[in-house]
Each structure stands twice: as structure tokens, then as C-alpha cells.
Amino acid sequence: MKNFEYARANNPADAVRLVGDRPGATFIAGGTDLLNLMKDGAQTHDRIVDVNGLALTDISHGNGFLRVGALARMADVGAHRAVREKFPVVSQALLASASPQVRNMASIGGNLLQRTRCGYFRDTGSACNKRIPGSGCPAIDGENRGHAVLGVSDHCIAAHPSDLAVSLIAVDAVVLTNGPHGERRIPFGDFHLAPGDTPERENVLTHGELIVGLELPLTPAAAKSQYLKLRDRATFEFAVVSVAAALDLRGRTVNDVRLAFGGIATKPWRSTDAEAVLRGRALDTATIDAAGRAAVHGAIPRAHNAFKIDLVQRALSRVLHELGGVR
Amino acid sequence: MSPLIGRAVPRVDGHAKVTGGARYAADTHVPGVTYGTLATSTIARGTITTIDTTLAQAVPGVIAVFTHLTMPRLVTPPSPYPKGFVPLQDATIHHNGQPVAYVVAQTLEQAQEAAALIDVRYHAEPAKVAIDDAPGEEFLPPPGPEGPQEFVHGDPAAGLANAHKKVDATYSSPVHHHNPIETSATVAVWDGDQLTLHESTQSISLTQQIVAQALSVPQNTIRVLTPFLGGGFGSKAPVWPHTLLTAAVARQLRKPVKLVLTRAQMYTSSGHRAEFRQQVTVGAAKDGTLTAIVNISNQQLSRTEQRVFNTSESSWMVYGCPNIHAKQLGVRLDLPTPHFMRSPEGPALVGLEMALDELSYELGMDPVALRLKNYTDLNPENGQKIGNQNLPECLKLAGDAFGWSRRNPTPRSMRDGNELIGWGMATEAHSYHARASSAWVQIDTDGHALARCGTQDIGTGTYTVMTQVTAEALGMPMNSVRFELGDTNFPAAGFSAASVTVSSVSGSVDKAARAARDAVIALAVADPHSPLHGAAPDRIVTEHGFLFLTDDRTRRDSYQGVVSRHGKPVEATGSFLNVPGYTTGASFIEVRVDPWLGRVRVTRAVAAYDIGRVMNHRTARSQVLGGMIWGVGYALTEHTMIDRHTARIVNPNLSGYLVPVNADAPKIEAFFVDKPDPTSPVGAKGFGEAPITGVPAAISNAIYHATGRRIRDLPITQDKLL
């Protein structure tokens with residue numbers, strides 16, 4: 001690991017300036033992913049700006065929404081009463097993430113910026129278009145059991161690793177930022193980017209732009225929501241596939257619904273096509289199956305990950321049957 | 001007084017370990033130490049064409065950068081050095097992750113930064129990575145230390161032809177890695193021509209021997225110290241290149257050098273369990289009597305070593321069968337040399353135990369009854385007893401505790417909500433070797449005893465168990481006895497591997513302690529100031545630090561009294577060569593499977609073993625817990641993924657290589673037959689590796705019982721059950 005400079009920010013403007021000034025600078029909050037990336041040589045920075053001193057840890061009620069500070073810890077948000085009651089999918093996604101130790105350290109803002117678990121990305125001895133643009137993607141013809149089938153490109157098929165992000169896209173969260181060009185409100189669906197031909201760009205943040213919080217709108221669907229994470233061991237492991245569903249039923253009819261998926265896509269993946277299949281229809285096994293088929297439409301399987309296309313439909317079916325009380 | 005041996009004594013080193021007081025190799029502080037780092041190859045096969053170290057050498061603090069052009073020349077040690085070559089001696093690359101440069105700097109960070117700046121250019125050749133990459137290239141390697149690679153007994157073809165029912169199936173398991181929590185570390189300190197190595201090794205004696213060979217120095221100029229080891233599981237049993245290179249670099253620079261392998265480097269530097277594939281054919285008569293066992297296996301070898309490390313003893317040792325054919329083929333691939341991994345006898349047994357489960361269904365016979373019908377206590381190689389006579393008792397102990405008699409054998413016959421429940425079992429078996437050991441015991445004038453043996457505690461509890469053995473032989477309380485190990489200045493012992501430590505070392509420690517006790521008794525009866533003066537030595541017993549006359553307990557003396565009047569410590573030594581043997585048991589597993597999602601949970605495990613006399617019920621149980629939990633990993637999660645084009649390991653870390661976590665561990669019950677082995681002075685058998693050998697098969701068999709799906713390729717990930 002290369003030596004770097006450490007600075008501590010006293011307020012958001014200070015933080016933005018300290019990073020914005022220096023092309024090689026970055027923010028650090030919990031550091032649970034950043035430090036590993038730096039030790040592995042997958043990411044290098046010449047300045048680390050510690051934002052842990054900023055007053056961005058509050059979880060508070062606004063008018064029709066819950067506001068979560070970017071520096072609130074995963075464990076605290078997952079256990080927060082309002083989050084559990086009004087956004088169960090978010091609480092469940094957080095508590096299904098990582099380990100208790102990591103959840104105690106890791107921040108909400110940092111969670112959204114964690115990098116992919118693709119082994120080629122994290123190995124400096126391998127080519128990777130995300131790490132070194134133009135060097136190639138060995139995963140496409142390589143060990144791709146953990147990789148994405150949706151949102152992929154010829155340059156990158158790395159899966160986005162965050163559970164939290166999948167749950168947030170299912171509750172129409174808004175990302176609040178403060179950057180060199182002022183404050184921004186970014187709808188969650190616009191925040192992450194599919195790789196396309198610039199897999200090194202994973203979100204719309206500009207250099208020096210700091211996530212300061214999230215807004216979670218209170219909706220009937222969000223209050224009746226669920227997260228199902230399937231993985232290769234019982235805990236402390238990333239999703240093979242995951243499903244976040246928020247469902248507003250009127251009688252047996254779907255009034256509103258959000259469906260999002262993890263483990264199968266290059267970014268937190270919302271399927272408006274699958275939602276459209278359900279909206280206005282009676283929730284039954286046939287419509288659920290049709291929604292599953294719509295969700296994976298256009299998926300591109302590789303040598304080792306084709307099973308995800310089947311498994312994610314099964315997971316969606318399980319969640320909607322449970323959430324909708326369908327027998 | 002109840003015996004100390006057997007008692008569930010807590011670990012004597014437990015407090016030091018949980019408070020950070022235990023110093024591991026990398027913790028060793030040496031004044032003026034410098035830091036080594038390896039730069040490793042990014043191709044698997046070919047040659048280095050150019051290597052430019054200019055930028056690396058310019059990093060502040062860098063002391064030296066050694067490449068194959070500048071590294072001191074070393075001798076490639078003979079077997080058991082398992083690598084077949086020493087890196088940094090020429091331009092040839094034998095596997096991805098091979099050291100191509102050794103950087104030494106004032107700080108670790110400087111060394112790491114410099115290592116990343118070395119520019120290596122290669123002429124790369126295509127690499128073969130998996131058994132499937134080399135069809136038809138398998139061959140029968142020459143005999144190894146365990147004997148020939150092919151074993152034929154009776155007429156296997158006729159045995160199969162005469163079978164009432166047969167199973168013929170192929171079973172496979174991927175590359176696995178040991179993943180000890182402590183990564184390998186070496187601190188090399190030269191003082192003139194004397195070398196001290198602070199080393200994370202399962203064998204200080206072998207380290208001394210192999211380093212001496214590589215450096216062409218006398219063995220007695222090297223001292224190796226390993227007071228604590230943070231796990232090894234076979235990865236630290238041999239001596240690997242990083243130790244040789246560190247010793248050589250430290251000698252060249254005349255500075256102490258510390259090298260700690262990274263987790264990723266552990267995946268290419270210290271062995272792995274080879275990819276394994278076996279075709280198992282078993283036949284039986286109508287009553288379940290086996291008529292033939294045929295086990296033809298194939299496993300990965302490296303380009304530089306052809307020793308077979310996944311061995312097939314279980315094909316002829318566990319079950320008596322008149323017709324047996326075992327053949328251990330290998331195929332050379334462009335991967336690092338594999339090695340033993342707890343347990344090398346596991347992979348072959350996993351296939352056999354799955355095949356027997358399949359056979360039990362073919363026969364319509366209970367799987368336990370099939371084992372009881374066929375187990376043997378005779379080795380067909382020589383007709384000698386092997387120590388498997390208590391397998392029926394193990395099957396009964398564990399089977400009764402598990403509730404096996406309530407099992408309905410029909411697949412998918414038990415359900416709870418979304419989950420199917422399955423019960424499976426397997427025999428567990430492991431041989432243990434013979435190893436010579438010697439020990440030294442001293443009783444001081446304060447009545448305390450010190451015992452020393454050049455063995456290792458690899459985390460299994462050697463410190464504790466040998467303290468118990470010493471205390472019991474002397475007749476002293478545990479807290480009067482101190483046991484020391486891990487120093488080549490102590491009387492020598494073998495490696496701590498092949499399940500041999502307790503069965504070997506307990507013998508010499510017991511003998512040394514009894515000799516010291518006898519010497520103190522001799523002093524007492526000869527001492528006019530002793531209440532025991534003039535007594536016959538064979539009528540004196542020692543208990544709790546005191547010496548008593550057996551028929552008049554009012555006549556007593558103490559170790560402290562006798563030795564303090566003697567005025568100087570009493571010393572004795574003991575040597576012992578244990579009798580090799582075989583340790584068996586049985587594991588019973590319950591799984592719950594969500595068939596819609598393919599999700600498997602192991603919810604209950606019960607096992608029983610014949611390990612001779614139990615030395616310490618707590619550490620023995622720990623050994624079972626470790627084996628069971630690791631068996632869950634073997635069956636369900638563990639898999640080293642290697643890129644088929646580059647031969648680079650894609651998951652060389654504990655994030656990508658999934659060992660089980662606590663939430664994966666079932667409720668585990670362990671039972672022991674607890675009958676002394678007559679060949680051991682203290683009744684001990686070798687045990688360490690036996691628990692795990694059958695667990696993956698028992699889990700797979702339970703999954704079949706739950707779902708009706710027979711998965712013969714491990715690990716059984718959820719995609720295989722959809």
C-alpha cells in the first residue's frame with residue numbers, strides 16, 4: 001500500500017473542499033470497503049478525508065418522509081424503530097448485510113459506494129475494465145458464478161454488491177448530496193450507472209461530491225415490504241440473488257408495487273416491467289409467475305451464472321406469496 | 001484421586017491466547033528487523049524475459065530487491081520438501097503466484113510499495129488448470145512414502161460380476177485451501193553463522209533440516225522456535241520456499257528479516273487440497289456382504305512434483321472385502337504443488353461413503369446395517385489388526401443419540417413447512433503414523449516440574465494434554481507442572497501432522513516423567529531424613545505432589561522435600577516410538593432443505609469415535625467441533641475458483657472463499673468409546689484428522705434422503721438443487 005495523507009473534515013463544506021481540491025483524494029467513513037481496496041491495490045488515493053466528525057448521523061421524521069443521515073451506521077438504521085415499522089425492507093436488507101462488526105462500522109452513505117466483489121476487480125494481477133479501463137474483462141469468459149445477468153455490457157458484468165441499495169430503490173429513496181457545485185437531490189434510480197462502455201463510472205457523483213443523507217418517502221407499499229436474500233452460506237456473505245418487494249394491495253388487487261433485485265445486475269435493479277405486470281391485477285400465482293418472467297427478460301447468462309435467472313424468479317415468487325398472503 | 005488424564009481441563013495457554021499474551025512468529029520483536037515482501041508472477045507458465053527493478057529500488061527505505069538474477073543460490077532440498085524447485089533461481093515460471101522478486105525495506109509499507117513497482121515481462125505459454133483441461137494425460141505416479149499408487153486384492157472383476165447389486169458412480173471435489181487464521185510468517189535472525197528462525201510451522205525439526213539443506217549449512221547451526229501456531233491444517237507441515245528465501249536474504253544482508261505472507265499469497269505458497277475425481281464401483285451380495293470395491297481416482301499434480309496427497313487407504317482399510325482395486329492416478333497441471341489438507345484420506349472416503357449410501361438404497365438395506373455387515377479389523381495388505389474393532393460401538397453410540405432407528409429411509413418422507421428434512425450418516429476413518437519423540441523432565445527444588453519436548457501445539461491442545469500427562473505420571477497437581485514446546489533445542493519430536501502428535505509425544509513425556517519420579521523415589525528411600533527412608537521403591541505412590549507408602553499413608557514425603565534436601569534438580573529423559581494405527585468413528589447428520597430455493601442447512605450432527613483413552617474431553621470435543629464444521633464447508637460452501645485461462649485464483653481471501661460461519665454450524669454432539677489403546681503407555685490413539693473425513697458424505701447422503709437428489713459433485717451449492 002502506498003503512503004497517503006490523512007485529513008479530518010469539520011463540516012461538509014470542508015470535506016467537499018478537501019476532496020475536491022485533489023484528484024487523488026477520497027472520503028472515508030467506516031472504511032470497511034475502502035481500506036481493503038487500498039490494501040489490495042485495487043484503489044489508490046493520496047489523500048483520505050475523514051468525514052466521521054460531521055453531524056450526519058441523525059434519523060429524523062420530515063413531512064411525509066424519513067430522513068437518514070449519511071453517517072448513520074448500518075446497525076443503527078437497521079434497528080431503528082421507524083425504519084423497522086415503515087420500511088421493513090430496508091431494515092431487513094441492512095440486517096442481512098455483512099457481519100455485526102461491519103454493520104457497526106459501516107455508514108449508510110459508504111454502503112451505496114461499495115465496490116463490486118468481482119475477484120478480477122480486486123486482484124491487481126488480473127485485467128479489469130473497471131480498475132484499468134481498456135484492459136479487458138476476464139469474467140465474461142471466466143469464473144462468473146457471482147456475476148450479473150442484467151445491465152451487463154461487453155466491458156463489465158460485475159454485480160453490484162449492496163443489499164441496502166436494492167431495498168432503497170424499492171422505496172423510491174432520494175440521495176441528498178453536497179458537492180463543489182452545491183446541493184443535489186438524486187432519485188435513487190438515477191444514482192447508480194450500468195457499466196456500458198465506462199465501467200469505471202459507477203454512479204453520478206462528481207469528484208468531491210459528498211452524500212449527506214437519504215430521504216425515504218412514507219408510502220403504504222414501503223410499509224408492507226420485504227427483503228429476501230439468498231446466499232452461499234448462512235450469513236456474512238453477499239447475495240447470490242436477492243429480492244426487495246414493496247406491495248400495496250387493495251383487497252386482492254395490486255394498487256402499487258415496487259420490485260428490485262440484487263446479485264443479478266450491475267447496479268441495484270428495479271424492474272418496472274415486472275411491476276407493470278402486477279399493477280391493477282389480482283395477486284395470484286399466475287400473475288406472480290408472469291412478473292418473474294418479465295423481471296428477467298433480456299437477461300444474458302454466462303457459463304456459471306445461468307441458474308440465477310431461475311433462482312431469482314423463485315425468490316420473487318416466495319416473497320410475493322408471503323407478502324401478499326397468496327397460498 | 002481421579003486421574004488427570006481424560007479430565008476436561010481448560011487450555012493451559014487459553015488465557016495467554018485470548019489476552020494477546022501468546023506470541024506468534026509474526027509477533028516476534030527483533031531489534032533492527034527489516035521487512036520482506038514477495039512480488040509474485042501473474043502468469044502460470046513460461047519464462048521471465050525482463051525484470052526491471054529500477055522504480056522499486058528508488059522507493060525510500062528499500063534495502064534490496066532480489067530477483068532470479070541476484071538471489072543467492074540455494075540447493076533444492078529433496079523430499080519431503082514438496083515444491084520440487086526453489087523460486088528466484090531461474091527465469092522459469094511453474095505456476096501463477098510464484099515469487100519473482102523478494103523486496104527488503106525498512107518498513108512493511110515501503111517493501112509493499114516497491115514490490116508493486118517491479119516491472120516483469122514474460123514469455124507466457126498456455127496453462128492447464130483443471131483436470132478437464134488435460135483429458136488422457138492422467139498417469140500412475142511412482143510409489144510415494146505411503147507406498148504404491150495401485151492396490152489390488154482378490155479379483156475385483158469377478159467380485160463385481162457376482163454382485164447382486166452394484167453402484168458405479170463418479171464423485172468429485174474442487175481445489176480447497178487450508179485457510180489457517182495465522183498466515184505463514186518467518187523471522188530470520190543471523191548471529192554470525194548461527195541462524196534463529198521464528199517460524200509458523202507444524203514441524204520445527206523438519207524446518208531445521210530443510211533450511212540446512214537449502215542453505216548448505218550444518219543443521220545444528222539453526223534454531224527454530226514456534227511457541228504458538230495459529231492453525232495449520234497441513235499447510236504448515238512442510239517447509240515452503242518463503243522460509244528458505246527469507247533465511248537466505250537475511251544472511252546475505254546481515255540483517256534480521258521478517259516476512260509475513262498475505263492471505264492471497266497463502267493461496268499459492270503453502271499447498272492446497274488437489275482437485276479430485278473418483279470413479280467408485282461397489283458391489284454386494286443380497287445380504288449386503290461386499291463383493292468388490294473399486295476406486296479409480298484422478299487428482300491434480302504440479303509440473304514440479306508428482307507426489308499423491310489425496311490418498312485412498314480407506315478403500316481397503318475400513319471394510320473387509322475379498323476383492324479390492326484402488327488406483328491413484330494424477331495429472332500434471334500448471335498450478336502450485338498441492339499438499340496434505342485435513343484430512344488427506346477424506347476425499348477418497350467421501351466417494352466411498354456416498355457410494356455405500358447409494359448401495360444401501362439399491363439393496364433396500366439400512367446404511368448402518370450395511371456398514372456393520374462389512375467393517376473389518378484386518379488390514380488386507382498384511383493381515384494385521386488395524387484398530388477398527390470398535391466401529392460398531394461408535395455406530396451405536398452416535399446412532400442411538402441421533403435417533404437413527406426412527407428414520408424412514410424413503411426420500412422426501414420428512415417435511416416441516418417449506419423445508420424437507422433428511423438424515424444421513426457416514427463412517428469416518430483416518431490412519432496415524434509412527435513418529436519417534438523424546439522428552440525431558442526436571443523436578444526442581446521447589447517441587448515444581450518442567451517438561452520439554454520439541455513438538456508443536458497447532459491449536460489442538462498439546463500444551464494442555466502434555467501437562468496432564470506429565471502431572472499424572474509424576475503424581476503432581478497440574479499447577480505444579482509447566483510444559484514447554486516449539487524449540488529445536490529441546491529433545492526432538494516429529495511433525496504435528498498426520499494425527500500423530502498425541503499418540504507419539506505422550507509416550508516420551510510419560511516415560512521421562514516416570515523416570516524423574518522414580519529418581520525422586522530413589523532419593524527418598526535412600527535419604528535418612530525422609531519418612532520414607534528404607535522403604536521399597538515399588539511400594540511408594542505419588543499423588544498431588546506427595547510420596548506415600550502404599551500400606552501406611554502416614555509415612556509420606558513431598559517432591560519439594562526430597563528434591564530440596566537433595567540440593568539440586570532431578571532430571572530424566574524418555575524416548576518413544578508409537579505404533580501406527582487407524583482411528584474410526586461415525587457421523588450422523590440432519591439437514592433441512594428448502595427445495596424451492598435449493599437452500600440447505602445442517603441442523604444437527606452427532607458423532608462417535610474410538611480414539612483410545614480420551615486425553616482431555618474438552619480438547620477432544622473441540623477437535624470434533626472443528627471437523628464437523630469444516631465438513632459443512634467441504635460439503636456446501638468451500639471451493640477455490642481458478643480462472644481457466646490465466647490460472648489465477650479468483651477468490652484468494654476469506655471474503656470470496658467461503659468457510660462456514662457460526663450461523664452455518666449445527667448443534668454438535670460428540671461421543672467417545674474411551675477404551676485405552678494397549679500399544680500406548682497412556683492409552684492414546686491418533687485422532688486429529690478423523691473427524692471431517694466422512695462428514696461431507698453424511699451431509700450429501702442426508703440431502704439425498706431429504707430431497708431424492710443425489711449430488712456427487714461438491715460443494716452442493718443451491719444451484720445444484722433447483
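I started at strand β5(B), where the bridge partner of Y35(B) is A105(B). Strands here are DSSP runs of E of at least two residues and helices are runs of H or I of at least four, numbered from the N terminus. The model is predicted, so I note that local features need pLDDT of at least 70 and side-chain atom pairs count only at pLDDT 80 or more, while totals for chains, interfaces and linings use all residues. Residues are numbered from 1 along each chain as its sequence is written, chains are lettered from A and ligands numbered from 1 in written order, and side-chain values use heavy atoms, with hydrogens and water left out.

**Sheet.** I looked up the pairing of β1 (34-40) and β5 (99-105) of chain B and found it antiparallel over six bridges; two strands pair if DSSP finds at least two bridges between them. I then read off the open sheet, which has seven strands in the order β3-β5-β1-β12-β9-β10-β11 (chain B) with mixed pairing. β3 (62-67) and β11 (222-225) of chain B are at the edges with a single partner strand each, so one side of each has no neighbour in the sheet.

**Helices on the sheet.** Helix α3 (108-116) of chain B touches β1, β3 and β5 of chain B, and its direction makes about 25° with that of β1(B). Helix α5 (204-215) of chain B touches β9, β10 and β11 of chain B, at about 145° to β11(B). Contact means heavy atoms within 4.5 Å. Axes are lines fitted to C-alpha atoms, for helices over the stretch in contact, with angles from 0 to 180 degrees between N-to-C directions.

**Cores.** I checked the largest nonpolar core, which has 78 residues, with I589(B), V591(B) and I699(B) making the most contacts inside it. Such a core is a set of buried Ala, Val, Leu, Ile, Met, Phe, Trp, Tyr and Cys residues joined through side-chain atoms within 4.5 Å. Buried means under 20% relative accessible area, exposed over 50%, partly exposed in between (1.4 Å probe, protein chains only). Helix α9 (346-363) of chain B gives the largest share of this core, eight residues. A second, separate core of 46 residues includes V9(B) and Y463(B).

**P652(B).** I found P652(B) in the loop between α15 (617-637) and β27 (667-672) of chain B. P652(B) is buried, at 15% relative accessible area. Leaving out residues up to four places away in sequence, P652(B) touches R263(B), A264(B) and Y267(B). The C-alpha atoms of P652(B) and T262(B) are separated by 9.8 Å, though the two are 390 residues apart along the chain.
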